[in-house]
Amino acid sequence: MERPVKDGILYVQHCKFGKRSWRKVRAQLFAASPSGVARMEKFDVRDDGTVLEKTSLRRCARRVIRLSDCVSVGPAGTESCPKATAAFYLNTTEKSYVLAAEQRDEWIAQLCQLAFQGAKETAESSARPQPSPAVPMEENSLYSSWQDLTEFPVLVVRTDAATRCGLHGHYLLSALPQSLTLKDAQSRQPLLTWPYPFLRKFGQDQTVFSFEAGRRSDSGEGTFTFSTPRAPELSRAVAAAIACQQQGKDAPDPRLFCPLDPQLSGQGPEPQQWGPGAED
């Protein structure tokens, strides 16, 4: 029988109609083994706040997050958290989570070890001298880097413009070289596109990214707001793409929107203008 490497209480943030709330859960972390993959399992607790007995965990609702799907883990800046807890984010290829725990750093460290240890070992192994193949080959450091740096899982925050366009729930927002593109989270098919010259302004604050679209965009004019723990990275990606358009370049240098120092990532910029009268 598998034994969890970490077991404790977490709080999961939910956002509905722009209002945030926390649900108390019991979480268990499991390392990869012949019996199962590395994962987090979440269980609801009783209404009175008492934890379900271990013998009851099999019978209660269980939610599983595969850590092989994990993209990033880290502190979530300043969040209004339950008492004596601190927030952190867990981004996967399918969904973004904002969690809170009393021992946040321990949870982050354990998640990173389980999710990324395999990747670290692979990198270390590739750094060791290897027998020369018949045809010399080099690793392509740019492979998949553009999508990794410019595609962000987001949750729509209700606004008049979002309601008019029928947007709700989770999507992927891509900061492409020529435009912002909203994609279906499952099929990754484009749903809406906002060319940068049609954006009047944009900005971010902690875990929220927002922009104002002009009337010439497909969606019509209005403000669109998205919740994402990677709001600072998304804002920098948009700023870098716009700067490259202004300079006549095809695509921005990915280093322009690499993550900042964690101590600075919570300081969102003021909304930035795309250009005086560019849209109108």
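Visitor: Where is Arg-188 found?

Guide: Look at the loop between β10 (179–184) and β11 (190–195); Arg-188 is found there. Keep in mind that this is a predicted model.

Visitor: Why is Arg-188 called partly exposed?

Guide: Its relative accessible area is 34%. Buried means under 20% and exposed means over 50%, with partly exposed in between. So Arg-188, at 34%, counts as partly exposed.

Visitor: What is the phi of Arg-188?

Guide: Phi is near 60° for Arg-188, a positive value in a residue other than glycine. Most residues other than glycine have a negative phi. Gln-206 also has a positive phi, of about 60°, and is not a glycine. You'll find Gln-206 in the loop between β12 (199–205) and β13 (208–213).

Visitor: What makes strand β7 largely enclosed by the rest of the structure?

Guide: Count the buried residues: six of the six in β7 (residues 96–101) are buried, so the strand is largely enclosed. In a regular strand the side chains alternate between the two faces of the sheet. Here both faces are covered, with Ser-96, Val-98 and Ala-100 buried on one side and Tyr-97, Leu-99 and Ala-101 buried on the other.

Visitor: How do you know that β1 and β7 pair?

Guide: Pairing takes at least two bridges between the strands. Strand β1 (residues 6–16) and β7 have two bridges, so they count as a pair, in the antiparallel sense. Val-12 has Leu-99 of β7 as its bridge partner.

Visitor: How many bridges join β6 to β7?

Guide: Six bridges join β6 (residues 86–92) to β7, and the two run antiparallel. Leu-90 stands opposite Tyr-97 in β7, and a hairpin of three residues joins β6 to β7.

Visitor: Why is the contact between Asp-44 and Arg-23 called a salt bridge?

Guide: The rule asks for a side-chain nitrogen of Lys or Arg within 4 Å of a carboxyl oxygen of Asp or Glu. For Asp-44 and Arg-23 the closest N and O atoms are 3.4 Å apart, so the pair passes.

Visitor: What does the Asp-44 and Arg-23 pair tie together?

Guide: Asp-44 lies in strand β3 (residues 39–44) and Arg-23 in strand β2 (residues 19–30), so the pair ties together parts that are 21 residues apart in sequence. Asp-44 is partly exposed at 25% relative accessible area, and Arg-23 is partly exposed at 27%.

Visitor: Is Glu-233 buried or exposed?

Guide: Buried, because its relative accessibility is 14% and the cut-off is under 20%. Glu-233 forms a salt bridge with Arg-230, with the closest N and O atoms 3.3 Å apart. Arg-230 is buried too, at 6%. Elsewhere, salt bridges that share partners join Arg-200, Lys-201, Glu-212 and Glu-221 into one network.

Visitor: How many residues does the largest nonpolar core have?

Guide: The largest nonpolar core has 27 residues, and Leu-173, Leu-180 and Trp-194 are among those with the most contacts inside it. Helix α4 (residues 231–247) gives the largest share, six residues. Apart from this core lies another, of 21 residues, including Ala-38, Ile-65, Leu-99 and Ala-101. In soluble globular proteins, nonpolar side chains tend to be buried together.

Visitor: Which residues does Leu-180 contact?

Guide: Leaving aside neighbours within four places in sequence, the contacts of Leu-180 include Leu-173, Trp-194, Phe-209, Phe-211 and Val-238.

Conventions
Residues are numbered from 1 along each chain as its sequence is written. This is a predicted model: local features need pLDDT of at least 70, side-chain atom pairs count only at pLDDT 80 or more; totals for chains, interfaces and linings use all residues. Side-chain values use heavy atoms; hydrogens and water are left out. A nonpolar core is a set of buried Ala, Val, Leu, Ile, Met, Phe, Trp, Tyr and Cys residues joined through side-chain atoms within 4.5 Å. Buried means under 20% relative accessible area, exposed over 50%, partly exposed in between (1.4 Å probe, protein chains only). Helices (H or I, at least four residues) and strands (E, at least two) are DSSP runs, numbered from the N terminus. Contact means heavy atoms within 4.5 Å.
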